[in-house]
Amino acid sequence: MTSTRPASPTDAPAGQAAAATPRAAWHDGDVPTLSAPSPLIGRAAELDSLREAFTNARAGSGGVVVVGGEAGIGKTRLVAEFLAGLSRDAGDAGEAGPLVLHGQCADSGSGPLPYAALTGVLADAVDALGPEATLEAAGPAADALGVLAPGLVDVRRDVDTGRLPEVLADLACALAVARPVVVVLEDLHWSDDVTRTVVARLARSAPRTTLLVVATFRSDDVGRRHPLRTTLAELERSRLATRVDVPRLDADDATRLVAALVATTGRAPDVPGTVLAQLVERAQGVPFYAEELAEFAGDAMPDSLRDLLLLRYSSLSDAARTFCRTVAAAGQRAPHELLVAMLGVAGLDDAESAAREAVEAHVLVADADGYRFRHALMQEAVDDELLPGEARRLHAACARALEEAGRTFADVAAAADHWWRARVPDRALASAVEVVTTAEADGSTSTAVVVGERALELWDLVPEPERVVGLHHAALLRHVAVALQDAAQIDRAAGLAREAVDEWPADDPAGQARALSTLAHILGKAGDAGSDGLLDEALALLPVEDHAGRAPLLRLKARNAMMDHRDDEAVAVAGMALDAARAAGDAQNVSLALNLRAMSRLNGGDLDALAELDTSREAAGDDWRAQCHYYTNASDSRLKLGRYVEAERLAEQGATIARSLGAGWATRAMLEGNVAEAWIEVGRWPDAEAWYERSVPLIDPSDYAVYLGERWTWLTMWRGDVDRAQAIARARRATWLRFGRVEEQIRARVAGTLAELALLRDDLDDALDLISIATDRRALSPFYRLTTLAVAARVLDRARAAGRPVDVAPYRDALASCTVWPTYPTWAALFAAELGDGSWEAVASADGPAHLRPYALYRDGASLLAAGDRATARERLDAAAQAADAIGCGLVAAQARALLDGAGLARGGRGGGRAVDRALTERERQVLDLVAEGLTNGQIAERLFISRKTASVHVSAILRKLGVSSRTEAAVVARSDPS
Ligand SMILES: Nc1ncnc2c1ncn2[C@@H]1O[C@H](COP(=O)(O)OP(=O)(O)O)[C@@H](O)[C@H]1O
Ligand SMILES: [Mg+2]
């Protein structure tokens, strides 16, 4: 077996590091280990940051520290020193010290090696705890770990895409219960997507545990388009990761380092000061360069960086150099077995003295079961030195050896890479196709994308490619499209899937149907309405008795219809899906179809459907996906019915089950998202906001991500950060509206939120335009019609007050069509109050979302104030501000206080002049006076000789600064604060 265990952590570690670089146990000879490293120079501040993070973690608030810096700057050394310090401290205190799990990302030469770091982390856990305890800690979905270590898990059941990151994160957290855990992930610039996802998951879990993650990356290798950049930016923005940058050494430190290094060569006395100065200058504050240069102090200085990196290599004997090139061809490390395959047993024996020479010269390091370069920069430089014939021979040998051993996905991926570099197109194609087709089950999408695109390139270079890979071109296209979709590259995914559909051989209708449904899936994710037509085409291709083939297509079609509030169609198609799934004995789809049918009935107003929804849970059996879908919709239905506490409980329950079954993040996010939504409704706003902030950025682009993004924006607005909400809405508007065309929940929420934001900008045209959807029964089901009508009423009232002709009748009719819905009384009361037909008190005391009460109190106070009842107004506005504070509703709190303040009703009077004067500029003050006279923006513009646009900008600023939501309220403030 070829181990994928990566190199040991430390290149040239300090202190106890000698023990961490075990003697090459497999080797007969006496291979020297690394000599004592130079003393650590500087880095006190960086070490302090790491120590502080660990101290916090040990106290139960773990986190992620990202260590960035250029190649050779000392990231690995810093982390090694930090870890050595921890075990020294633990030793002094007579404690066990943290459990350190170490993972090293690796590059194959043309892309990240999948899972390299994760395999190391898992191997360290197994080393420390043994296999059984590790599996137990990983929880019921531990079999997902089989991808990393096939020997660890006996039966590898169907491993579901996307579960691995959760399982690993759960494992680390479970281990962190007993003692602090430090997960070190080195060189994330070579991470694959699964590894990046694990980092994100660990970051989300760490804050409540004793888990510290220390991740390093080469900042000079992470360009603007590098996917790591996005991950890091999101983590830092969500304050889930802190950054430690390792800078170049300053001139003093660099001089100290060079002097220390030269001293270890024993040549110090001969080296003149000018040469030392030259060395310091050439090293540019990069310790690794300093080490290389110091070795040759006084000799001719290298001309280029490449020469610098090859200095030690170039001074070796021919045989040692050849051996180094062999190691370089194997990759960033060359396990013993790979070397045997490349050189033969006899050849490796012959190379023994060459290997020793390279180790003594500090080019190579011997580790537990092979060799690697002292620093990756050297490996890269030596790899470039391979002669063409030699490269072909060595890479082909590696590929063959990996294929023979090939037990893990990573082995197969590495083999594909070596065939590519060996320039053997047919083998390269065959193994690339193997990677792409297995990646679908393993979820290693970034690898599949790179290798898949390469397979498409190779296709034309290979004679009779179909015969070589046993797959036709269209099938390859489809596989690559799926990989691209998983990697969230939706446009290119759709393009390739379309090509696959066009190319698919006519004599294979089942395959054609599959290609069509792949395209339908991809378009569905992109909010493209074309999905349904494709599903119909696919269904038409399948014989009616192909139940197994038809069930998932019908289910998807029913889902599309449900999401679009085509409830009757959804009920009918879900019924067909149910029949097909039953006939095929497909339990998952039976449950999902029952679930869809129930939800569609409910959306249409049939409240008895909840009973059918419950049958979908029974039908789910032990299928976790179907179970999670049940809990998602069970909680969703309660949210819509206004049963928020029950909704929260069901979503929590589902999230717990999802976690225990090892469901992937996409599934968990839906359940956690429902918990957050319940928190909004019951008034736990800071908690909800924290969840959105932590989680939404981690969700792949999809309709669900759009939905959550909109909810988050709504919450941001009502929390009081209106500017930020406006900015997000401006940036996302087009996407929101596009997804709104295919999904009711998005179109309803988006219309309401955008209209509210428009009112806050005083943009009545936009607001009126947006709310017209509330009258469209085909567009919205009763629940969403009601929430949208409530906003519509506010818009209509404002429009009326501004003297616009508005027709309220269609909105009243729409409201009357919603009486079936249990929450109707609340929304109807709000609708009436907004239009001046009902009392705000009724709204304040109604059951409903938590923000309705402060909002209603505030509106009540505002109208009492306008009517001159200052005493009662003050009471209401005070109550409003308090109720708003209680849930974190900053918008209403600020509006209520501004009104109190402006009317001189604030308790304990703040003094310092009139509120309006304090808040507004001179110009705004003038505009406000005209607003108070009842002038329109156009009239104000004329009066003040400014453009209409400028007038409207002033009005918006005034509303914002005074914290009021309408011109009328602004006028009230102006009047109650007479100048
Ligand atoms: N502050 C330092 N003082 C002394 N030597 C250092 C220092 N930082 C790094 N080195 C040495 O420089 C070399 C490169 O450092 P390394 O940590 O491997 O860099 P990176 O991981 O950033 O590529 C190592 O041999 C290391 O021991
Ligand atoms: Mg390093």
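**Stop 1: Gln-284**

Select Gln-284. At 41% relative accessibility, this residue counts as partly exposed. Gln-284 sits in the loop between helix H10 (273–283) and H11. Check its backbone: phi of Gln-284 is near 55 degrees, a positive value in a residue other than glycine. One thing to keep in mind from here on: this is a predicted model.

**Stop 2: Glu-464**

Now select Glu-464. Phi is positive here as well, at about 50 degrees, and Glu-464 is not a glycine. Look for Glu-464 in the loop between helix H21 (445–459) and helix H22 (465–469). Is Glu-464 buried or exposed? Glu-464 is exposed, because its relative accessible area is 52% and the cut-off for exposed is over 50%.

**Stop 3: ligand 1**

Select ligand 1 and show what surrounds it. How many residues surround ligand 1? There are 20, and the closest are Lys-75, Thr-76, Arg-77, Glu-291 and His-375. By type, the shell around ligand 1 divides into 9 nonpolar, 5 polar and 6 charged residues.

- An oxygen atom of ligand 1 is 2.7 Å from an N or O atom in the side chain of His-375.
- Another distance runs from an oxygen atom of ligand 1 to a polar side-chain atom of Glu-291, at 2.8 Å.
- At Ile-41, look at the backbone: one of its polar atoms is 2.8 Å from a nitrogen atom of ligand 1.

How much of ligand 1 does the protein bury? Taken alone, ligand 1 exposes 550 Å², and the protein buries 97% of that. Now color helix H3 (75–92) and helix H11 (287–295). These are the elements that give two or more residues to the shell around ligand 1.

**Stop 4: helix H17**

Select residues 376–383, which form helix H17. Of its 8 residues, 6 are buried, so helix H17 is largely enclosed by the rest of the structure. Which residues of H17 are buried? They are Leu-377, Met-378, Gln-379, Ala-381, Val-382 and Asp-383.

**Stop 5: Ser-108**

Jump to Ser-108. You will find Ser-108 in the loop between strand S2 (99–104) and helix H4 (116–129). Why does Ser-108 count as buried? Its relative accessibility is 13%, and buried means under 20%. Show the side chains: a polar contact of 3.1 Å joins those of Ser-108 and Asp-417. Leaving out residues up to four places away in sequence, Ser-108 touches Leu-113, Asp-417 and Arg-421.

**Stop 6: Pro-227**

Select Pro-227, in helix H8 (residues 227–237). Pro-227 is partly exposed, with a relative accessible area of 40%. Pro-227 and Ser-191 are 36 residues apart in sequence, and their C-alpha atoms are 9.3 Å apart in space.

**Stop 7: Asp-700**

Move on to Asp-700, in the loop between helix H34 (685–695) and helix H35 (703–719). Asp-700 is partly exposed, at a relative accessible area of 42%. Where does Gln-489 lie relative to Asp-700? In sequence, the two are 211 residues apart; in space, they are 10.0 Å apart, C-alpha to C-alpha. Not counting residues up to four places away in sequence, Asp-700 touches Asp-486 and Ala-705.

**Stop 8**

Select helix H47 (residues 922–932). Its buried residues are Glu-924, Arg-925, Val-927, Leu-928, Leu-930 and Val-931. Gly-934 follows H47, with a positive phi near 90 degrees.

Then go to Ser-956, in helix H49 (residues 948–962). Ser-956 counts as buried, at 15% relative accessibility. Beyond residues up to four places away in sequence, Ser-956 touches Arg-761 and Asp-762.

**Last stop: confidence**

Color the chain by pLDDT. The chain averages 88, and 92% of the residues score at least 70. Where is confidence lowest, and where is it highest? The lowest is in helix H1 (residues 17–20), with a mean of 35, and the highest is in helix H41 (residues 824–834), at 98.

Now select residues 1–35. Their pLDDT stays under 50, and the model has 85 contacts for them beyond four places in sequence. Residues 909–913 are also below 50, and this stretch has 5 contacts in the model beyond near neighbours in sequence. Where pLDDT is low, the predicted coordinates should not be read in detail.

Definitions and conventions. Residues are numbered from 1 along each chain as its sequence is written. Chains are lettered from A and ligands numbered from 1 in the order in which they are written. This is a predicted model: local features need pLDDT of at least 70, side-chain atom pairs count only at pLDDT 80 or more; totals for chains, interfaces and linings use all residues. Side-chain values use heavy atoms; hydrogens and water are left out. Helices (H or I, at least four residues) and strands (E, at least two) are DSSP runs, numbered from the N terminus. Buried means under 20% relative accessible area, exposed over 50%, partly exposed in between (1.4 Å probe, protein chains only). A polar contact is a pair of N or O atoms within 3.5 Å; within protein, one must be able to donate a hydrogen and the other to accept it, and residues adjacent in sequence count only if both atoms are side-chain atoms. Contact means heavy atoms within 4.5 Å. A residue is near a molecule or strand if one of its heavy atoms lies within 4 Å of it. Accessible areas come from the Shrake-Rupley method with a 1.4 Å probe; for residues, only the protein chains shown count as cover. Ala, Val, Leu, Ile, Met, Phe, Trp, Tyr, Cys and Pro count as nonpolar, Asp, Glu, Lys and Arg as charged, and the others, Gly among them, as polar. pLDDT is the predictor's confidence in each residue, from 0 to 100.
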